[in-house]
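Dear colleague,

Please find below the sequence and structure that I am handing over to you. My notes on what was found follow directly after.

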Amino acid sequence: MGKLRLAMAQIDSVVGDLAGNTACIIRHIQEARSLGADVIVFPELAICGYPPEDLLHKPRFVEGNLHSLDSVIKASEGITVIVGYVDSHNGLHNSAAIIHNASLIDSYHKIFLPNYGVFDENRYFLPGNRCPVYTICGLRVGVNICEDIWFASGPSTAQSNKGAELIINISASPYHFGKRNQREKMLSDRARENRVYIAYTNMVGGQDELVFDGASNVFDYTGNLVLRGKQFQEDLLVLDLDIPALTRQGDMSTEIPDSIFVSASGLSEPKLPFENSDSVPLDADAEVYQALLLGTKDYINKNGFKKVVIGLSGGIDSSLVAAIATDALGADNVVGVIMPSRYSSAGSISDSLRLAENLGIKTLQIPIDPIFKSFLSTLSEVFAGTETDTTEENIQARIRGNLLMALSNKFHWLVLNTSNKSETAIGYSTLYGDMAGGFAIIKDVPKVLVYRLAHNRNKSAGFELIPHNVLTKPPSAELKPNQLDTDSLPPYELLDPILEAYVEQDKSIDQIVALGFEESIVKRVVKMVDRSEYKRRQAPPGIKITPKAFGRDRRLPITNRYNHVG
Ligand SMILES: Nc1ncnc2c1ncn2[C@@H]1O[C@H](COP(=O)(O)OP(=O)(O)OC[C@H]2O[C@@H]([n+]3cccc(C(=O)O)c3)[C@H](O)[C@@H]2O)[C@@H](O)[C@H]1O
Ligand SMILES: Nc1ncnc2c1ncn2[C@@H]1O[C@H](COP(=O)(O)OP(=O)(O)OP(=O)(O)O)[C@@H](O)[C@H]1O
Ligand SMILES: NC(=O)CC[C@H](N)C(=O)O
């Protein structure tokens, strides 16, 4: 007997980067071996990245992932490795390879395939139907994959009923507001119900709309948290488990059904103590901010960009986007463009300049009035006899979008879009104008939370990094004289909870009214949301931070005669 030293590698696998992910996995195996680990665990689909989506329809991609698995197997001498990959025997399976001493011992197939929200695993995978228990270093171990552990009477229970003392779950569990708490509560329940240790290894990193937050963890059989990994960063956790103390049934010679022998004992060298990272979790808003940083950094870097460009209006949205981009990429990689028009307030320029100075980012000033004049005169004959309306407002937003895209084309700067969730919900933005851009980093952040994040950022800076004026001026598109957002919209404090009820909780108008909101306002908001589906389909992708984000999470028909407003 003795101790099993378990290493949990919370890595950032890049979707499709089979060679890079394999190299990263092998590097971690070598490190774990040098630390005396008996077992090292990697996240779900660590070899190909998660979610690989329709890459899985390409046979060459699946074969490549199997070749990568071979390289991992060869690199696994003297250690047990548990790693996520795609198995292609008898159809595609989301799988965990159980490798020992350079041999593939078994392949566990994920049984519960998530097929809701952002997940559509039924599109690609067949479910598994086996729940074996492995004997590793004399310890009985159940292995399962992400969604498998979310069910009270799922594979974890089957495995502990067969005598498992430790459940190793490999995950790619994306972040949203409150998810870590929900996940840890579930894992604690699962450990306590089954009187089993749980070691949960999560993916970390940004992948398009998703951010995997890491925060891998270990729970003991009473449901107490033993260890938590870093949030929003790669980490290697190392833990010594005392086998005799864990052996609930004592007699390890008892034959159990569906049991697969992996190893009798671990490495025999003496093991130096290992210092794991601090496990204090971030508070809820700080988690959101870190998710936005990581989502931004990874989208920009993984897509081969270095610099970003942002239209700075002196408003709260563009200011927060600039702050996040600067924190994520460094001041040298962020350019702010100030594009005043005849309707811009004086503060629009001075507040933007102050913000840029505080952040240390470069600015360009490109007044748009000459172009706006030219547009108006070009269209004057065609528009003769018509009233001035949103057409002229939108022309200004489109001039700005055009200029930002010109800078993007010329200098290879990615345009960061600044739309928040509230305006994305109701379509309060101009198609091909301020909706332009490559990535919309606060697309899933409701306006009230935009303010909170900005205040928090100032608090952590210890000064008004985002200038006071920006935080206190009433929101305005500044596209016509004296325009305020509240001319067209309910105040955000009222709008945001209605949107949350309608968009995220799918409540009906009656149910929202019953929450205490005025019926006419609720109906107006619902109508605006329904009518702007076409805009959202054309909007850039952005980072999911709420339980239900626009995009993969919420799919509604554009052509839609269902009328629940009238
Ligand atoms: N179902 C459908 N499928 C496809 N396309 C559809 C469509 N319905 C309309 N359209 C098209 O969309 C056009 C209307 O959309 P769009 O051109 O965007 O214009 P629209 O939505 O009419 O106006 C934009 C609104 O956003 C406000 N805004 C703009 C910019 C910034 C801010 C801010 O505060 O940040 C606010 C602005 O004040 C105005 O109220 C129609 O002319 C039509 O071509
Ligand atoms: N004068 C301007 N100079 C540069 N960019 C601008 C200007 N006006 C608008 N934009 C761009 O268009 C986006 C949308 O404008 P909008 O006024 O809604 O945003 P905001 O000023 O950041 O926030 P708020 O809605 O709180 O005013 C801005 O975030 C900015 O990227
Ligand atoms: N990859 C998965 O199976 C993820 C599903 C799971 N419920 C989660 O988000 O954590």
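In the counts by class used here, Ala, Val, Leu, Ile, Met, Phe, Trp, Tyr, Cys and Pro are taken as nonpolar, Asp, Glu, Lys and Arg as charged, and the others, Gly among them, as polar. On that basis, the shell around ligand 2 comprises 8 nonpolar, 8 polar and 4 charged residues. Please bear in mind throughout that this is a predicted model.

To stay with ligand 2: of the 20 residues around this ligand, the nearest are Gly311, Ser313, Gly315, Asp317 and Ser318. Three elements each contribute at least two residues to the shell, namely strand S16 (308–312), helix H7 (316–329) and strand S17 (334–338). The greatest contribution to the shell around ligand 2 is that of H7, with 3 residues.

Ligand 1 is surrounded by 17 residues, of which Ala397, Thr430, Leu431, Ala477 and Tyr534 are the closest. Helix H10 (390–411) and helix H14 (485–488) are the elements that provide two or more residues of this shell. Which element gives the most to the shell around ligand 1? That element is H10, with 4 residues. By class, the shell around ligand 1 consists of 7 nonpolar, 7 polar and 3 charged residues.

Around ligand 3 one finds Glu44, Pro114, Phe119, Cys146, Glu147, Trp150, Ala172, Ser173 and Pro174. This shell divides into 6 nonpolar residues, 1 polar residue and 2 charged residues.

Turning to the overall arrangement, the protein chain is divided into domain 1, covering 2–243 + 259–266, and domain 2, covering 311–536. The C-alpha centres of domain 1 and domain 2 are 41 Å apart.

The axes of helix H6 (residues 284–302) and helix H12 (residues 447–461) come within 10 Å of each other and cross at roughly 95°. H6 is therefore roughly perpendicular to H12, because crossing angles of 65 to 115 degrees are counted as such. At their contact, Asp285, Val288 and Tyr289 in H6 meet Arg452, Leu453 and Asn456 in H12. The contact of H6 with H12 is made up of 3 nonpolar residues, 1 polar residue and 2 charged residues.

With kind regards

Key
Residues are numbered from 1 along each chain as its sequence is written. Chains are lettered from A and ligands numbered from 1 in the order in which they are written. This is a predicted model: local features need pLDDT of at least 70, side-chain atom pairs count only at pLDDT 80 or more; totals for chains, interfaces and linings use all residues. A residue is near a molecule or strand if its C-beta atom, placed from the backbone, lies within 6 Å of it. Domain bounds come from an automatic or database domain assignment. Axes are lines fitted to C-alpha atoms, for helices over the stretch in contact, and angles run from 0 to 180 degrees between N-to-C directions. Angles under 35 degrees count as roughly parallel, over 145 as roughly antiparallel, 65 to 115 as roughly perpendicular and the rest as oblique. Two residues are in contact if their C-beta atoms, placed from the backbone, lie within 7 Å.
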